[in-house]
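Visitor: Could you guide me through a protein model? I would like to ask about it piece by piece.
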Amino acid sequence: MFQLQNISKQFNGTNAVDSIDLSITHSQTSVLIGPSGCGKSTLLKLMIGLIWQDTGQILFDGEAVRQSKLLNLRKQIGYVIQEGGLFPHVTIRKNITLMADYLKWDSGKIKSRLLELLDLAQFSDRRLDDFPLQISGGQRQRVSLMRALMLEPDVLLLDEPLGALDPMVRAKLQSDLKQIFQSLGKTVIMVTHDMGEAAFFGDIIILMREGRVIQQGTMLDFIESPGEPFVTDFINAQRSPLDTIGGGSN
Ligand code: ADP
Ligand code: MG
C-alpha cells in the first residue's frame, strides 16, 4: 500500500528520519513504535504529504506521492494527529463534516455518513452540537476518529490516538478501536510508544530508533529473534507491573 524508498528528513541539520526503506501491507494493522523523538510522527507526516522528504520517494498504491496530487491523497487517507487536533471553536458535528462540506457533498449524504460513524464510534448524537472542550478526552478521540473516517478513506493513520488518556478509558477505547479496525478491514498505521499496545493492535510491528527502522515483524519475531540487543532491551523496559510481583528476580 505504501512503499518508502530511502526516505530521509532533516530538521536543523539532524536526521529525524534516516534512510528508511519500508513496505506497509494492505488491509493489515502496522504499528510504529520507538522511543520519543525517534521519528514516528515525522514518518506519518511524510506519508500524507504534510512535509516533504529530503531524499528518496514514497509510493502510495504504486504511485509517487507528489504535491499536485495531494487533495486526492488526502481523500484516501484518514489521519488522526497526535493530541487529536480538533478545532476548538467549531462544534463536534462541524469538526467531523468539515472536509465533506468543503468537497460539497450533499446534505443527505453527509447526514447518513455521520449516522454510520456515530454508530461505529459509539458516540451520542446529543453531543454533536457541543464544542471539543465540553467533552472528555476519550470522547474527543472518538470524534477525531470519526473525522478521519468521514470520507471513507482506504487507509487510516493514527498518531498515538490513546496517548493522553487515563488507564480505564484507554483500555475501553483500545478494545473498541480494535473492533472498529477489524470491522473496517482497512489498512491501518498506528503510532504508539507502548509495547503492550503494539502487541495488542499490530499484525506487524515496526520498531524505530533515532530515525531508523531497527526491526519489522510480529511480536513473536521480536521476542524469539530480536535483530539486535536494543529490541530485547526495549521490550524489557516496558514490562508490565504484574511481571514485577513475586520478587522481580531480574
Ligand atoms: P516521535 O514522534 O517519534 O516522538 P518526531 O517524529 O516528532 O518523533 O520527531 C523526531 C525528531 O525530529 C525529534 O528530534 C524532533 O525534535 C525533531 N522534529 C520533529 N519535527 C520538527 C520540526 N518541525 N522542527 C524541528 N525539529 C523537529
Ligand atoms: Mg510523535
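Visitor: Which residues are buried in helix H9?
Guide: Please note that this is a predicted model. In H9, which spans residues 229-237, the buried residues are Phe 230, Val 231, Phe 234 and Ile 235.

Visitor: Why are they on the same side of H9?
Guide: They cover an arc of only 135 degrees around the axis, and therefore lie on the same side of the helix. In general, an α-helix has 3.6 residues a turn, so residues three or four places apart point the same way.

Visitor: What covers the buried residues of H9?
Guide: The cover includes helix H7 (195-201) and helix H8 (219-224), together with strands S3 (29-33), S9 (204-209) and S10 (212-217).

Visitor: And which exposed residues are on the face turned away from the buried side?
Guide: That face of H9 carries Pro 229 and Ala 237.

Visitor: Changing topic, what coordinates the magnesium ion?
Guide: Ligand 2, the magnesium ion, is coordinated by Ser 41 through OG and by Gln 82 through OE1, at 2.0 to 2.4 Å. The two residues are 41 residues apart and link distant parts of the chain: Ser 41 is in helix H1 (residues 40-47), whereas Gln 82 is in the loop between strand S6 (77-80) and helix H3 (92-102).

Visitor: Is Ser 41 buried or exposed?
Guide: Ser 41 has a relative accessible area of 18%, so Ser 41 is buried. Gln 82, at 33%, is partly exposed.

Visitor: Lastly, at what angle do H4 and H5 pack?
Guide: Helix H4 (residues 107-121) and helix H5 (residues 137-149) pack at about 140 degrees, with their axes 10 Å apart. H4 is therefore oblique to H5.

Methods:
Residues numbered from 1 in each chain as written. Chains lettered and ligands numbered in written order. Predicted model: local features only at pLDDT ≥ 70, side-chain atom pairs only at ≥ 80, totals over all residues. Heavy atoms only, no water. Donors = N, O, S within 2.8 Å, 3.2 Å for Na, K, Ca; no water. Helix = DSSP H or I, 4+ residues; strand = E, 2+ residues; numbered from the N terminus. Buried < 20%, exposed > 50% of the residue type's maximum accessible area, 1.4 Å probe, protein only. Arc of directions from axis to C-beta. Contact = heavy atoms within 4.5 Å. Axes fitted to C-alpha atoms, helices over the stretch in contact; angles between N-to-C directions. Parallel < 35°, antiparallel > 145°, perpendicular 65-115°, else oblique.
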